[in-house]
Amino acid sequence: MSRYIGPRARINRRFAQSIFTPGNAEERKPYIPGMHGPRLHRKVSEYAAGLIEKQKARFMYGMSEKQFRLAFSRAKNRKGVTGELFLQLLELRLDNVVYSLGLTKSRAAARQFVTHGHILVNGKKLNIPSYTCSIGDVIEVANKSHSRQLAVNNIEMTRFRNVPMWLEFNSTLMKGSVNRVPERGEITPDLNEQLIVEFYSR
């Protein structure tokens, strides 16, 4: 299954939260989409709860099913708490780091920013959004007028969004770095990673 490119409002409504940036108040209704949505109250099984959480995370980070499963396998094969390791791998994806630095207004935009060659990692152009950043990696905007202008516009739009403590960013130089691996408390609280672990452990 490829990554989702359909209507984003529908996904926000399905999970009753802003998986993607909300576009209007309709997305905030506390029931599922459709004319019968307000009257439907379904009991969620353990399997369904895990599936919902998995899909929520997959949509949030803009990954295909294959990419998501591979990332989970990598986390499972490492020493430590699988769920936390998994979320850390998602956070350390290059597209997410670019988004977290405030260089784009969404993760989808960050993916495009990377694939279009606007980003350098450790001084070299890298157009792979799924690249896993490491501690010490330096992420910067390419020294091209078009890239720089896009970044300036984006930084202006995201100036009220705080850069996570595990990252460092210099808006003047348009350069950031990964200082450390994010702790669980620094990753979105809207995900229950244990449900995802249990889903894949069935």
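A charge is said to sit over a ring if NZ of Lys or CZ of Arg is within 6 Å of the ring centre and within 35 degrees of the ring normal. Arg 107 lies over the face of Tyr 61, at 4.6 Å from the ring centre. Likewise, the charged end of Arg 58 sits over the ring of Phe 59, 5.1 Å from its centre.

The model is predicted: local features need pLDDT of at least 70 and side-chain atom pairs count only at pLDDT 80 or more, whereas totals for chains, interfaces and linings use all residues. Residues are numbered from 1 along each chain as its sequence is written, and side-chain values use heavy atoms, with hydrogens and water left out.

**Aromatic pairs**

Rings of Phe, Tyr and Trp (its six-membered ring) pair if their centres lie within 6.5 Å; planes under 30 degrees apart count as stacked, over 60 as edge-to-face and the rest as tilted. The structure holds six aromatic pairs.

| Pair | Centre to centre | Angle between planes | Class |
|---|---|---|---|
| Phe 68 and Phe 86 | 5.0 Å | 85° | edge-to-face |
| Phe 68 and Tyr 200 | 6.4 Å | 40° | tilted |

Helices (H or I, at least four residues) and strands (E, at least two) are DSSP runs, numbered from the N terminus. The pair of Phe 68, in helix H3 (residues 65–76), and Phe 86, in helix H4 (residues 82–91), links distant parts of the chain, 18 residues apart. Because Phe 68 lies in helix H3 and Tyr 200 in helix H8 (residues 193–200), their pair ties together parts that are 132 residues apart in sequence.

Buried means under 20% relative accessible area, exposed over 50%, and partly exposed in between (1.4 Å probe, protein chains only). Phe 68 is buried, with a relative accessible area of 0%, and Tyr 200 also counts as buried, at 12% relative accessibility. Phe 86 is buried as well. Ring pairs link Tyr 47, Phe 68, Phe 72, Phe 86, Phe 199 and Tyr 200 into a cluster.

Five strands form an open sheet in the order S2-S1-S3-S5-S4, with antiparallel pairing; two strands pair if DSSP finds at least two bridges between them. The edge strands, each pairing on one side only, are strand S2 (124–125) and strand S4 (167–170). S3 pairs with strand S5 (residues 175–178) in the antiparallel sense over three bridges.

Glu 140 belongs to strand S3 (residues 138–141), and its bridge partner in S5 is Lys 175. The relative accessible area of Glu 140 is 15%, so this residue is buried. Contact means heavy atoms within 4.5 Å. Apart from neighbours within four places in sequence, Glu 140 is in contact with His 118, Ile 119, Leu 120, Gly 123, Met 174 and Lys 175. Leu 103 stands 37 residues from Glu 140 in sequence, and the two are 9.4 Å apart in space, C-alpha to C-alpha.

**Loop residues with positive phi**

Met 174, one of the contacts of Glu 140, lies in the loop between S4 and S5. Its phi is near 55°, a positive value in a residue other than glycine. At 7% relative accessibility, Met 174 counts as buried.

Asn 122 lies in the loop between strand S1 (119–121) and S2. Phi of Asn 122 is likewise positive, near 55°, in a residue other than glycine. With a relative accessible area of 42%, Asn 122 is partly exposed.
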